[in-house]
Amino acid sequence: MSGLSALKFVASKPQQGNRPKHARRQKLVNKIHEQIQLAKAAQSGTEYVPVRIRSVRDEATGGTRKVEVPKRLKPWWWASENGKLFITVRYGARTLEVVDGKNAIETESIAGVITTLQILKTAVDAGELDSRIDAVMGQGKDSDKNSQVIDKRPTLKLPPKSSL
């Protein structure tokens, strides 16, 4: 028992599943990481092409096999007429407002894009943008759809029966 006395024992149970907020954070962090890699490749003059694994059916044998397919990745930044770069943060198909009323971040160069994305990545990891992600998640959904049911079918009104 002298070997076990050196260990620290605690009562704990494992977490079941992944919390939704943590999953959303991880999704955004992964996308920001891809954008950082894309910006670094643009800075060095190389090309960054992430790949994903897909299962495709082989026509000759009828079986499936796994192949690497390039992932389509669009940069979140663009250049303006005056030479400055603007960055937007995207969550899915929507633009995330990091600050109220502002949807873009201005930088001077591609190095500034990389620095900005790294700062955003640490902020997302710390949970600073959870409320912004939740706000974007709720935009496209009809939140009070279940509270009020409206029948939109046209109705045919018949005239009252006349007595013969």
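W78 stands opposite F86 in β4. This is a predicted model. The pairing of β3 with β4 belongs to an open sheet of three strands, ordered β3-β4-β7.

- The three strands of the open sheet pair in the antiparallel sense, in the order β3-β4-β7.
- Strands β3 (77–79) and β7 (105–107) are the edge strands, and each of them pairs on one side only.
- From one strand to the next, the twist averages 25°.
- Three bridges join β3 to strand β4, which covers residues 85–87, and this pairing is antiparallel.

**Helix α2**

- Helix α2 runs over residues 110–126, which makes 17 residues.
- How far apart are the end C-alpha atoms of α2, and what span should its 17 residues have? The end C-alpha atoms are 25 Å apart, and at 1.5 Å a residue the helix should span 24 Å, so the two values agree.
- The buried residues of α2 are G112, V113, I114, T116, L117, L120, A123 and V124.
- What do the buried residues of α2 pack against? Their partners are the helix α1 (20–44) and the strands β3, β4, β5 (89–91) and β7.

**R25 in helix α1**

- Helix α1 contains R25.
- Is R25 buried or exposed? Its relative accessibility is 19%, and buried means under 20%, so R25 counts as buried.
- Leaving aside neighbours within four places in sequence, R25 is in contact with V124, D125, G127 and D130.

**The largest pocket**

- The largest pocket holds about 390 Å³ of space.
- It is lined by 15 residues, and those closest to its centre are L73, K74, W76, R90 and G92.
- Which elements give two or more residues to the lining of the largest pocket? They are α1 and β5.
- Helix α1 gives five residues, the largest share of the lining.
- Both α1 and β5 are also among the elements that the buried residues of α2 pack against.

Notes
Residues numbered from 1 in each chain as written. Predicted model: local features only at pLDDT ≥ 70, side-chain atom pairs only at ≥ 80, totals over all residues. Heavy atoms only, no water. Pairing = 2+ DSSP bridges. Helix = DSSP H or I, 4+ residues; strand = E, 2+ residues; numbered from the N terminus. Axes fitted to C-alpha atoms, helices over the stretch in contact; angles between N-to-C directions. Expected span 1.5 Å × (residues − 1). Buried < 20%, exposed > 50% of the residue type's maximum accessible area, 1.4 Å probe, protein only. Contact = heavy atoms within 4.5 Å. 1 Å grid on protein atoms, 1.4 Å probe; cavity = no way out; pocket = protein on both sides within 12 Å on 5 of 7 lines; lining within 4 Å. Points joined across faces, edges and corners; volume = space filled by probe spheres on them.
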